[in-house]
Amino acid sequence: MEQCKRSLTGRKTSSFRLRCPSLNSLRLQRIFDVFDKNHDGMITADELSLALRSLGLDADPSELDAMVSPYIWPGNAGLRFEDFEALHRSLNDLFFGLDDRDHEERDCEEESELTEAFKVFDEDGDGYISARELQAVLRKLGLGDEGREIDRVEKMISSVDRDHDGRVDFFEFKDMMRGVIVRSA
């Protein structure tokens, strides 16, 4: 299977497109952390150039500077995560040309994926995530330390429980996921 790949100039080389916006942001944060070699919370043009080279992308330094500099806030030495995310969205739209229909399809796909994710946590299918269900899922995911104490899990629930009923419904879950995942500059 051949994947369409392009360089920063649009020439076919190697690149990638992440399918789901919600997962995209999580992956983007991980990528940002890897690219941020000195862990200062910013990616400089040099760090980005090095990272792109390690991925097999040839980026002309002046082209990279011209592309990145509009996303760097005045006074900053590089891209913060929010800037990096905005740059990624811009490149994604430029290279893959999303129109309104694509955005609608993407929103529907995101909604569907959030519904499936919610079902993982809502083990009894009652439409709510309880502290016990969250605790069980954390254990299954190998995050037993986070879920060991029920009062700690209840605090996790209460941090997103807007109606204060001790449970997370789908809308609270969706708001939480979008709040954590979709941060724009």
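User: How many salt bridges does a search of the whole structure find, and what makes a pair a salt bridge?

Analyst: The search of the whole structure finds 4 salt bridges. The term requires a side-chain nitrogen of Lys or Arg within 4 Å of a carboxyl oxygen of Asp or Glu. This is a predicted model, where local features need pLDDT of at least 70 and side-chain atom pairs count only at pLDDT 80 or more, while totals for chains, interfaces and linings use all residues. Residues are numbered from 1 along each chain as its sequence is written, and side-chain values use heavy atoms, with hydrogens and water left out.

User: Why is the pair Lys119 and Glu116 called a salt bridge?

Analyst: The N to O distance between their side chains is 3.5 Å. The limit is 4 Å, so the pair qualifies. Both residues lie in helix α5 (residues 100-121), 3 residues apart, about one turn of the helix. Helices here are DSSP runs of H or I with at least four residues, strands are runs of E with at least two, and both are numbered from the N terminus. An α-helix has 3.6 residues a turn, so residues three or four places apart point the same way.

User: Is Lys119 buried or exposed, and how do you know that?

Analyst: Lys119 has a relative accessible area of 51%. Buried means under 20%, exposed over 50%, and partly exposed in between, with a 1.4 Å probe and protein chains only. Lys119 is therefore exposed. Glu116, at 44%, is partly exposed.

User: What makes Lys140 and Glu123 a salt bridge?

Analyst: Their closest N and O atoms are 2.5 Å apart, and the limit is 4 Å. This pair links distant parts of the chain, 17 residues apart: Lys140 is in helix α6, Glu123 in the loop between α5 and β1 (128-129). Lys140 is exposed at 65% relative accessible area. Glu123 is partly exposed at 36%.

User: Why do Asp165 and Arg167 count as a salt bridge?

Analyst: The closest N and O atoms of Asp165 and Arg167 are 3.6 Å apart. That falls within 4 Å, so the label holds. Asp165 is partly exposed at 32%, and Arg167 is partly exposed at 30%.

User: How do you know that Asp169 has no salt bridge?

Analyst: The nearest side chain of opposite charge, Arg167, is 7.7 Å away. Lys and Arg count as positive, Asp and Glu as negative; His and the chain ends are not counted. The limit is 4 Å, so Asp169 has no salt bridge, although Asp169 is buried.

User: What does the side chain of Asp169 reach instead?

Analyst: It reaches the backbone nitrogen of Phe171 at 3.0 Å. Asp169 itself lies in strand β2 (residues 168-169).

User: Why are helices α6 and α8 called roughly perpendicular?

Analyst: The axes of α6 (residues 131-140) and α8 (residues 150-158) cross at roughly 110° and come within 9 Å. Axes are lines fitted to C-alpha atoms, for helices over the stretch in contact, and angles run from 0 to 180 degrees between N-to-C directions. Under 35 degrees is roughly parallel, over 145 roughly antiparallel, 65 to 115 roughly perpendicular, and the rest oblique. α6 and α8 are therefore roughly perpendicular.

Definitions and conventions: Polar contact = N/O pair within 3.5 Å; in protein donor to acceptor, adjacent residues only side chain to side chain.
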